[in-house]
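Visitor: Please take me through one part of this model in close detail. I would like to start with the aromatic rings.

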Amino acid sequence: MSDDTSPADPALPTGKVRVPENVVHRSFEQETVLLNLDSGQYHGLNATAGKMLAALEEDGDAAAAAQRVADEFGVDVAMVRADLARLCDELAGRGLVVIDDPR
Amino acid sequence: MTRHAFGLELGGPLEIPGTAGAPGPHLAAPPLVLEPATRDELRAQWPAGGDRSVARLRTGTGRLVGRTLQHPDAGFLMRAETFGTFAMDRAATRLRCAPVRRSPWPWERYVVAQALPFAALLRGLEVMHAGAVKVGDGAVALTAPSHGGKSTLLGAMLLRGATLVADDVVALEAVGEDLLVHPGPGLVSLRAEGIELLGGRQAVSKLGPPPRPVPGGSWMEVERHPGPLPLRAFVVLRREAGAREISIERLPPDPRLLLGSTFNAAWQEPARLSRQLDVCAMLSRAVPVLHLHAPLDAPPGELAAAVEAAA
């Protein structure tokens, strides 16, 4: 199955996605706060992105996490996959998740 | 006589006002021993090189009046203009104090306001910039922007019969499902204008012995609750020119507000940052955060009544 994304949109990672040891995160009522212990930088995720991060941590697999979130919210999985791909791309760019090479 | 503050048992020949009393449960750690020293002794014993500046103390106008140096082996050297020089070991078991002579400020105020909270932080507690009083079976923390009326509100609650837990810094410890507030010294700082709002010196005299004058206000000993209490509410006071009446509402806790309420933003060791995030997240889950909005001229007694009713 191919993702219905434009060339500019990131693809959903196929490798394992994990939160590195130098990053901790905690849930607050309306957002999730991530802290990079090495840099002391804080990052905030809204409630939906926080749920996606929790699903990623539990599943490790982005496709499975997208399906889980789609089922929980009752929304189109293709849309969730696109959102999750963008989230993974952004978190990886900030060093908040690590995406393992699937090969 | 046993002495304690911020969850630390205090020992040694130097006695800090407001710290005497039978303690409640403490952290399982040795006491923090307070000893006299001279500035020359502390400087001579501080290693040459290998240290770094970890904190700066500034006045409200930005003037640098103090600095803390850290050395990996020697610990911390704290210099504060008008107070003195203080040296603490890495494990926060020994605080050596070399006060400035002939200062309008009591040197103990620096120990109470800076050194002891820092020691509590090093010992594993999280310290936030807030006062606290006992209401019911727990503690209510009170915070506000600088010069926002926190101390006056605290004074008003004490005059209405609440018991002091802490004046300016709360030391928090996560124990099971509770966040415990360890009592600070039984000392309250009040500015001159705050004393007037509370009814003048005669009214404030009900809180305890005659206060000690300090620049801009008074510093007085007040009876305090002896042991830790579960935190039951976190009140954020905002006095605003546009507010027409006193209102208090529970709002979703903003992590930026909670993290920003830290008393010490300079100590950024990873273990401490992780603990701070844990404590703030736990606070957000377990403790109502109440926003108290009031006009600039709202009487402190009415603010106190609003807090009592809501907490």
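Visitor: Are F76(B) and W267(B) buried or exposed?

Guide: This is a predicted model. F76(B) is buried, and W267(B) is buried too. The two ring centres lie 5.3 Å apart and the planes meet at 75°, so the pair is edge-to-face, as planes over 60 degrees apart count as such. This pair links distant parts of chain B. F76(B) sits in strand β6, while W267(B) sits in the loop between α6 (255-260) and α7 (270-286), 191 residues apart.

F76(B) has another ring partner. A search of the whole structure finds six aromatic pairs over all chains. One of them joins F76(B) to F118(B), edge-to-face, at 4.9 Å centre to centre and 80° between the planes. Here too, distant parts of the chain are linked: strand β6 (residues 75-80) holds F76(B), helix α2 (residues 108-122) holds F118(B), and 42 residues separate them. F118(B) is buried, as is F76(B).

Chain B also has a ring cluster. Ring pairs link its members F83(B), F86(B), W105(B) and Y110(B).

Now the contact with chain A. There, 13 residues of chain A touch 17 residues of chain B. The two chains bury about 1,300 Å² between them, with 64% of it on carbon and sulfur atoms. Two salt bridges are counted between chain A and chain B. One of them pairs E31(A) with R256(B), whose closest N and O atoms are 2.8 Å apart. On the side of chain A that touches chain B, β2 (23-27) and β3 (31-36) each give two or more residues. The largest share, four residues, comes from β2(A). By class, that side has six nonpolar, four polar and three charged residues.

Note on methods. Residues numbered from 1 in each chain as written. Chains lettered and ligands numbered in written order. Predicted model: local features only at pLDDT ≥ 70, side-chain atom pairs only at ≥ 80, totals over all residues. Heavy atoms only, no water. Phe/Tyr/Trp six-rings, centres within 6.5 Å; stacked < 30°, edge-to-face > 60°. Buried < 20%, exposed > 50% of the residue type's maximum accessible area, 1.4 Å probe, protein only. Contact = heavy atoms within 4.5 Å. Buried area = accessible area lost by both parts, 1.4 Å probe. Salt bridge = Lys/Arg side-chain N within 4 Å of Asp/Glu carboxyl O. Nonpolar A, V, L, I, M, F, W, Y, C, P; charged D, E, K, R; others polar.
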